[in-house]
Amino acid sequence: MTLLGHTQPQRFKSSSFSSPQCTVVGASRDRSKYDTKVCAYLARNFSVTPVHPKESELENIAAVPSLTDLPAPAETSVGVITNPKVTRDLLQPANELNIPALWLQPGAEDDAVKSYIRTNTLEDKALYFGPCILVEGDDVRKGLF
């Protein structure tokens, strides 16, 4: 599978799973949605902090309103499960906070997101137009640990 948006996809996957913490931007209370499934999937093996502008807790996990509220953003990989407009709005703070890895889930990206990533030299930190973490996550983890 070709992974767009990252020059070394395996290194990206390694870095996204080697951060001591991770977060999911776009998690919700709706357990049938993929955003909540990704949050629960990551919580099996990682310290997860959901990012939600209105909820203080999701799936019994304390949430923060924005990336800037993360306790250690430079040590936190980010799973993005939002519409492209919301994704565009979080790329600048992610860049400023030196987030180590951004795994944009299918549907979170568009041409404007791709352009921002390329223009702001985030390509070594972002995976986009690629696979869902629910599809490839366990295989990636098996190859690392």
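Author: The questions below concern the fold of this predicted model.

Reader: What pattern of helices and strands does the chain follow?
Author: The chain has 5 helices and 7 strands. Read along the sequence, these elements give the pattern α-β-α-β-β-β-β-α-β-α-β-α.

Reader: Which strands are the edge strands of the open sheet of 5 strands?
Author: The sheet is open and its pairing is parallel, with the order β2-β1-β5-β6-β7. An edge strand pairs on one side only, and this applies to β2 (47–51) and β7 (126–127). The edge strands are therefore β2 and β7.

Reader: Which residue of β2 stands opposite Q21?
Author: Strand β1 (residues 21–25) runs parallel to β2, and 5 bridges join the two. Opposite Q21 in this pairing stands a residue of β2, namely S47.

Reader: At what angle to β6 does helix α3 run?
Author: Two helices lying across strands may be described here. Helix α2 (residues 34–43) lies across β1 and β2, and runs at about 170° to β1. Helix α3 (residues 84–96) lies across β1, β5 (76–80) and β6 (102–104), and its angle to β6 is about 170°.

Reader: Which residue has a side-chain oxygen that reaches the backbone nitrogen of A112?
Author: The contact is at the start of helix α4 (residues 111–119). T121, with a positive phi near 45°, follows α4. At the start of α4, the side-chain oxygen within 3.1 Å of the backbone nitrogen of A112 belongs to D110.

Reader: What percentage of the residues of the chain count as buried?
Author: Buried here means under 20% relative accessible area. Of the 145 residues of the chain, the share that counts as buried is 48%.

Terms used. Residues numbered from 1 in each chain as written. Predicted model: local features only at pLDDT ≥ 70, side-chain atom pairs only at ≥ 80, totals over all residues. Heavy atoms only, no water. Polar contact = N/O pair within 3.5 Å; in protein donor to acceptor, adjacent residues only side chain to side chain. Helix = DSSP H or I, 4+ residues; strand = E, 2+ residues; numbered from the N terminus. Buried < 20%, exposed > 50% of the residue type's maximum accessible area, 1.4 Å probe, protein only. Contact = heavy atoms within 4.5 Å. Axes fitted to C-alpha atoms, helices over the stretch in contact; angles between N-to-C directions.
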